[in-house]
Amino acid sequence: MATETETGFGQVSRLRGTVFKYLTFGASLVGILALGVLLAYVFWDALGLESAGTAWYLTYTATLLVPLLGFLAYARDKPEVTAGAIELVGFTLAGGMLSFATIIVLLVIAGPQVWVTYFLTVVAPVIGLFLYGQYNREATWVGLGMLGVLIAGPVVGTLLIGSIGTVAALLGAPGVYFLSLVVPGAGLAAFLAADRFGASRRVTLGVGVGLPVLAIVGVPVVDTVPLVARSVWFAVLVMLGLPVGFAAANTARQPARRAAFALPVIAIGGFLVGEFVVGALGATQPSPWLDWQFLTNPTSSLAANAGLYPAVIGSVFLIILVSIFTFVFGVGTAIYLEEYAPSSGPLGTATRLINVNISNLAGVPSVVYGLLGLGIFVNIDIGFGPVVYGGIGAGTVLTAALTLSLLILPIVVISAQEAVRSVPDSLRQASYGMGATRWQTIRNVVLPRSLPGILTGTILALGRAIGETAPLIMVGAVATKYTPPSGLFDTLTAMPLQIYTWAFLPSEAFRYGVVAAGVVTLLIVLLSMNSVAILVRNKFQQEAY
């Protein structure tokens, strides 16, 4: 007769184990279903699907949904095809679209003079040092050089903005963007062709020359399209074309993955065929709140004309600054505490106290960080002799970015410490045994192994930062703004704050349709940002192991 318990390590009840198994399964299922219902409800309102006719649903089910389900069923037991499809979709939607949106935000905010100034003093030197480090693996100073450029480059750019801006004005906006986007993009494409695909010199030269030629040839066509500037064409070609081209080339060179090209063909072809059939049948189409007008218009007193453009620009600008601040200071703090800080004596006691305080700060409510940002960055007066300077300013981009950086900095530090701590000491000792210095060991052994974990913690922290509202309210960010921020010291509004404002308006069209469209936009930006970070993390994880 079977017993209810097993012996081994103590007494374990089979019945309790079975009950616990199904309870956890049920809890997971309920959580997934609840999240799915909530997302379906939000997307239903945002896309206006309730207004679509039956013929519209049947058409797209036949032309798009059924073929996509068929492809998923085909690729289910083919890991190479699945990996190729994920790479194509990820590089196109996440890498390409998010990179394009980011560069457009920077170009809109900065303008050609400011853009080219900081490109020459920050972006170009960092890219040059990185490529040199890839070429000369023995150059141990490259990492410190890149850090020095990130710190000193903005200062140098600010001092030279007048003289460089004068030269940029002579070139004009198209010339500036061609030299700062297309030419570096051509160099990157040639580098990838030679380094990742092993292309010959002739092919590499053709790739490097082909991109600028394509950009110039496409200019007359772009000039005939209304509302599309040459700078937008250059940004599309580089920021969207390069990720898509890389993913397509990487998939095409692996025969086992080539079937993955069926996914974009099914998606694009199914959509076009569906549009043709719907138009031929005269079927009633949905009336979405989330459309191109919503993404390009400022907010309005009328729900039909309301847009999220200033808030989208503000959030993207904000998250770029927050990611730079938290990654540089958070990872730097973690490396110092784990690799350099003493573990014994009075300084060791101070290090332990710092670690305890960082752990406690990770659990502080966000509104407290808002008060901290209000006191430090808005209200504080800094005196230099007889001159007293006020704070950065209420509701400015820099104030909001620094406040949100304080909010997630403890999380980034803790996750980075855990990632650095997980690297076995045997690898460090082996590096020291071969004569490497501490910095060489950190750069060549510790960071490559710990970078996937560091990026995981940073992804989660940035996801929290982009959805915060309370700290922005405390530092004086405006609830509604009709123009995007024009610089670091301009006021801004962010997507969560604008959505929060819409949710309390008396009009049902705002509280349901417009709010749902804003939530979907926020989710798309968040998921795109996380997808890029996950792709980068997986890349470093594969290289590390």
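Modeller: Start with helix H9, residues 309-340, and its partner H12. The two pack at an angle of about 35°, and their axes are 7 Å apart. This is a predicted model, so read every value as computed. The crossing of H9 and H12 is right-handed. The contact between them divides into 21 nonpolar, 5 polar and 3 charged residues.

Helix H11 covers residues 366-378, and helix H12 covers residues 397-421. Their axes come within 9 Å and cross at roughly 135°. Angles over 145 degrees would count as roughly antiparallel. H11 is therefore oblique to H12. H11 passes H12 in a right-handed crossing. On the H11 side, the contact is made by Ser366, Tyr369, Gly370, Leu372, Gly373, Phe377 and Val378. On the H12 side, the contact residues are Thr399, Leu402, Thr403, Leu406, Leu407 and Pro410. By class, the H11 contact with H12 has 8 nonpolar residues, 5 polar ones and no charged ones.

Now move to another pair, H2 and H7. Helix H2 spans residues 54-75, and helix H7 spans residues 262-281. Their axes come within 8 Å of each other. The crossing angle is roughly 170°. That makes H2 and H7 roughly antiparallel, because angles over 145 degrees are classed that way. This crossing, too, is right-handed. H2 contributes Trp56, Thr59, Tyr60, Thr63, Leu64, Pro67, Leu68 and Phe71 to the contact. H7 contributes Ala262, Leu263, Ile266, Ala267, Gly270, Phe271, Val273, Gly274, Glu275, Val277, Val278 and Leu281. Sorted by class, the contact of H2 with H7 has 15 nonpolar, 4 polar and 1 charged residue.

Next, the single residues. Thr521 sits in helix H17, residues 508-544. Its relative accessible area is 6%, so Thr521 is buried, the cut-off being under 20%. Set aside its neighbours within four places in sequence. Thr521 is then in contact with Leu290, Phe294, Leu295, Leu308, Val312 and Met495.

Gln498 also touches Leu308. Gln498 lies in helix H16, residues 495-502. Gln498 is buried, with a relative accessible area of 3%. Beyond Leu308, Gln498 touches Thr299, Ala311, Ala479, Thr480, Lys481 and Thr493, again leaving out residues up to four places away in sequence.

Ser450 is in helix H14, residues 438-466. At 1% relative accessibility, Ser450 counts as buried. Not counting residues up to four places away in sequence, Ser450 touches Ala419, Val420 and Val423. Ser450 and Val423 are 27 residues apart in sequence. In space, their C-alpha atoms are 6.6 Å apart.

Ser163 is in helix H4, residues 142-195. Its relative accessibility is 46%, so Ser163 counts as partly exposed. Ser163 and Gln113 are 50 residues apart in sequence. C-alpha to C-alpha, Ser163 and Gln113 are 9.7 Å apart.

Step back to the whole chain. The protein chain has 545 residues, and buried ones make up 37% of them. Its secondary structure comes to 17 helices and 4 strands. Consider contacts between residues at least 6 apart in sequence: 73% of these join residues at least 24 apart.

Last, confidence. The mean pLDDT of the protein chain is 82. Of its residues, 89% reach 70 or more. Two stretches call for a note. Over residues 1-7 the pLDDT is below 50, and this stretch has 12 contacts in the model beyond near neighbours in sequence. Over residues 383-389 the pLDDT is again below 50, and that stretch has 8 contacts in the model beyond near neighbours in sequence.

Methods
Residues are numbered from 1 along each chain as its sequence is written. This is a predicted model: local features need pLDDT of at least 70, side-chain atom pairs count only at pLDDT 80 or more; totals for chains, interfaces and linings use all residues. Side-chain values use heavy atoms; hydrogens and water are left out. Axes are lines fitted to C-alpha atoms, for helices over the stretch in contact, and angles run from 0 to 180 degrees between N-to-C directions. Angles under 35 degrees count as roughly parallel, over 145 as roughly antiparallel, 65 to 115 as roughly perpendicular and the rest as oblique. A crossing is left-handed if the near helix is turned anticlockwise from the far one by less than a right angle, and right-handed if clockwise. Contact means heavy atoms within 4.5 Å. Ala, Val, Leu, Ile, Met, Phe, Trp, Tyr, Cys and Pro count as nonpolar, Asp, Glu, Lys and Arg as charged, and the others, Gly among them, as polar. Buried means under 20% relative accessible area, exposed over 50%, partly exposed in between (1.4 Å probe, protein chains only). pLDDT is the predictor's confidence in each residue, from 0 to 100.
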